[in-house]
Amino acid sequence: MCATLLGGLLSGCMGSMPLPIGPLNRQLESLGANRDPSLSGRWLALISGKGGREQVMLVDLELQQPLPLPGLNRADAQPLSVSVDGAGDRIALVRQLEGRTELVLYRRSLQSLQPIAMVPSGVPRQVQLQADGRQMAVQVSRGGLWQVDLVQIP
């Protein structure tokens, strides 16, 4: 009885419980297996895979539909981590390409891809863009140790 009373009191303090967004979730499920979501404002970036091939997807949550990302996804690249800024223009991506792991920045408005060098050198694993897109945090392996680098974006 105490547990029931305590549960009722806690749920009353917390307000309503979070609910899944059914129609959008079903649309995302139809894209295949999804992982590594990055949510910023009205934008959801994720890695989606169907038929053994993974690619970066950008979903406009207001329109509830994926947007094209020309020049970002390559058939010979394996995306590992993705992050989107609050404007939906900059997408940071860690990917494996031709046996190496690299960090790149995609600018949707320019449809351009820019490699970001790790200095000192290291192997990037995860990336997170700041909401304004001007800085990113990157998890990097150097000499067997995991470190976090902050990278300023002009």
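This report covers charged side-chain contacts in a predicted model. Local features need pLDDT of at least 70 and side-chain atom pairs pLDDT 80 or more, while totals for chains, interfaces and linings use all residues. Residues are numbered from 1 along each chain as its sequence is written, and side-chain values use heavy atoms, with hydrogens and water left out.

**Salt bridges.** The structure holds eight salt bridges. A salt bridge is a side-chain nitrogen of Lys or Arg within 4 Å of a carboxyl oxygen of Asp or Glu.

**Asp60 and Arg42.** Asp60 lies in strand β3 (residues 53–60) and Arg42 in the loop between β1 (33–40) and β2 (43–50), so the pair ties together parts 18 residues apart in sequence. Strands are DSSP runs of E, at least two residues, numbered from the N terminus. Asp60 is buried at 2% relative accessibility; Arg42 is partly exposed at 28%. Buried means under 20% relative accessible area, exposed over 50%, and partly exposed in between (1.4 Å probe, protein chains only).

**The Arg100 network.** Shared partners join Arg95, Glu98, Arg100 and Glu102 into one network of salt bridges. Glu102 is buried at 12%. Arg100 is partly exposed at 40%, and Glu98 is exposed at 61%.

**Rings.** The charged end of Arg125 sits over the ring of Trp146, 5.1 Å from its centre. The criterion is NZ of Lys or CZ of Arg within 6 Å of the ring centre and within 35 degrees of the ring normal.

Key:
Helices (H or I, at least four residues) and strands (E, at least two) are DSSP runs, numbered from the N terminus.
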